Amino acid sequence: MSESSYHLRLVERILLYVKESYHGLYSLALLHDMPAVIGAEKPPRVRGFVPDVYAVDAPLTTMIIGEAKTSQDLLTEHSLKQIGAFLSHLEGQKRGVFVLSVPWQAARRGQSLVTSICRTRGIDQTKVELVILDGVKREARR
Amino acid sequence: MASAASNVASLRFVPVEDIHLDVSNPRIRKFLEHYPDEPTPEQVFLALGAAGDDGDDSSTSFEKLKNSILTNGGIIQPIIVSRQKDGRLVCIEGNTRLALYKNFLRENVKGDWALIPALLYEDMDEARIDAIRLQVHLVGTRPWDPYSKAKYLYRLRTQELLPFSEIVDYCGGRQKEVVELIQAYADMEEYYRPIIPDDGTFDTTRFSGFVELQKPGLKKAVAEAGFTLTNFAEWIYGEKLYPLNMVRWLPRILRNPKARDIFLKDGARAAVQVLEKPDLSNALLEANVSQLAQAITQAIYAMPWPEAEKIRQEPGGQTAQCLNEALIALTALINPSTTGQ
């Protein structure tokens with residue numbers, strides 16, 4: 001499977017998770033970057049980066065940003081800045097949720113990466129709900 | 001002058017296959033002129049999709065209407081049909097709706113698409129047809145003001161508990177716009193209403209200031225400068241932010257200590273005067289919009305990647321702000337309907 005197809009599968013995993021887990025919020029506005037009909041709504045730019053998935057409620061109670069990373073692009077400089085920007089943005093929300101979808105082999109690395117970014121940037125980890133989707137089991141913590 | 005008979009219509013459910021699409025419809029005529037022979041229903045359908053019909057001039061409105069009809073299970077407003085002297089039924093108004101019904105029927109889309117509600121006129125003359133087209137397309141219905149629209153959307157969302165996708169399907173628009181309007185309404189009610197002395201002075205025309213507040217970076221800029229959204233509401237109420245599109249300048253004003261002081265004392269219009277003005281050469285000042293647009297396109301294409309990345313990563317930065325302001329102005333110039341101006 002090509003890198004881009006694999007990335008799409010990881011994004012699909014986030015969409016499925018958001019739809020299943022937040023159904024109780026009588027459905028959020030869910031925007032994603034999957035190939036769809038021409039002119040479909042894409043997620044907005046968040047602090048300079050466009051996430052793979054962006055879900056929000058209005059009036060604002062919950063904001064979810066989802067990002068899919070293959071093993072190859074998880075630890076790049078771009079990913080560090082991108083994930084840092086998303087976490088900083090979510091920290092200021094009433095309820096911010098960051099969903100990181102990675103291959104199962106990279107789940108631990110993903111979790112460590114997020115923790116390390118939070119520490120470096122001084123982000124209060126209790127203010128962002130973190131969900132790691134690895135296709136095997138979901139790890140979530142507050 | 002229209003005959004008396006043509007002024008009386010009856011409301012019927014008419015078989016869609018019996019009604020002919022109006023190929024002389026002014027909006028699609030320009031597309032159909034490319035076909036030497038009588039256009040087929042498919043060609044008319046394509047032309048309607050390209051031109052839009054019941055709404056703004058874009059294929060997006062065609063999609064919106066299609067989704068709205070599918071969600072509702074039919075149309076709410078009947079189409080207008082004229083029965084001509086030879087018995088032929090021609091759609092005078094509502095060609096897109098009729099074309100969609102025909103398409104749904106042909107494609108076996110789930111639902112009842114064989115009959116369409118129609119106001120049926122007998123042998124309408126040209127003057128009457130023109131009068132209807134003018135009233136529908138040039139005068140149109142009176143749109144709701146943005147505050148009332150947002151209030152209604154808020155109710156659908158918070159009381160009727162409709163999902164976003166359903167609201168968008170019913171009323172058209174985009175999810176982001178719906179979210180923005182609902183949030184703007186919620187902010188206005190939460191922060192603006194409490195500071196108004198009495199309900200009599202609650203000015204709904206200030207609503208667009210709260211819509212502007214939803215744009216990226218605005219709330220962050222207010223918070224980072226040590227203010228609250230109640231302060232923002234006070235600025236709107238006290239006309240510190242007037243005209244309301246001055247809200248767009250707020251991040252730059254609040255970041256500049258001198259401009260911020262002037263703003264708090266005399267308002268945004270005075271504050272922008274002290275913001276750094278670009279030192280424009282005569283060549284730039286004398287260039288017209290077309291030349292400037294070409295120059296900016298070339299400059300962007302020639303921009304090194306790190307520089308572009310820097311702009312993206314600093315949405316509150318000077319360059320990003322200037323680009324956003326230019327983008328808003330350009331969009332308003334080219335497509336005013338999307339900016340509400």
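Trainee: In S5(B), which residue is the bridge partner of B:Arg83?

Mentor: B:Arg83 has B:Glu122 as its bridge partner in S5(B). Before going on, note that this is a predicted model, in which local features need pLDDT of at least 70 and side-chain atom pairs count only at pLDDT 80 or more, while totals for chains, interfaces and linings use all residues. Residues are numbered from 1 along each chain as its sequence is written, chains are lettered from A and ligands numbered from 1 in the order in which they are written, and side-chain values use heavy atoms, with hydrogens and water left out.

Trainee: How many bridges join S3 to S5 in chain B, and do they run parallel or antiparallel?

Mentor: Strand S3 (residues 79-83) of chain B is joined to S5(B) by five bridges, and the two run parallel. Strands here are DSSP runs of E with at least two residues and helices are runs of H or I with at least four, numbered from the N terminus; two strands pair if DSSP finds at least two bridges between them.

Trainee: What about S1 and S5 in chain B, how do those run?

Mentor: S1(B) and strand S5 (residues 115-122) run antiparallel and are joined by seven bridges, with B:Leu11 standing opposite B:Leu119 in S5(B).

Trainee: And what is the strand order of the open sheet in chain B?

Mentor: The open sheet has five strands in the order S1-S5-S3-S4-S2, with mixed pairing. Its edge strands, each pairing on one side only, are S1 (9-15) and S2 (19-20) of chain B. Two bridges link S2(B) to strand S4 (residues 89-93) in a parallel arrangement, and there B:His20 stands opposite B:Val90.

Trainee: Switching to helices, which residues of H11 in chain B are buried?

Mentor: In helix H11 (residues 229-237) of chain B, the buried residues (under 20% relative accessible area, with exposed over 50% and partly exposed in between, using a 1.4 Å probe and protein chains only) are B:Leu229, B:Phe232, B:Ala233, B:Trp235 and B:Ile236. Seen down the axis of H11(B), they fall within an arc of 160° (taken from the directions from the axis to the C-beta atoms), so they line one face of the helix.

Trainee: Is B:Ile311 buried or exposed?

Mentor: B:Ile311, which lies in helix H17 (residues 305-313) of chain B, is buried, with a relative accessible area of 19%. Leaving aside neighbours within four places in sequence, B:Ile311 is in contact (heavy atoms within 4.5 Å) with B:Met303, B:Thr319, B:Ala320 and B:Leu323. The C-alpha atoms of B:Ile311 and B:Leu323, 12 residues apart along the chain, are separated by 9.5 Å.

Trainee: How many disulfides does the structure hold?

Mentor: The structure holds zero disulfides over all chains, counting a disulfide as a pair of cysteine sulfur atoms within 2.5 Å. As for individual cysteines, A:Cys118 is buried at a relative accessible area of 3%, and B:Cys91 counts as buried at 0%.

Trainee: Last one, how many helices and strands are in chain A?

Mentor: Chain A has four helices and six strands, which run α-β-β-β-α-α-β-α-β-β from the N terminus on. Of the 142 residues of chain A, 51% count as buried.
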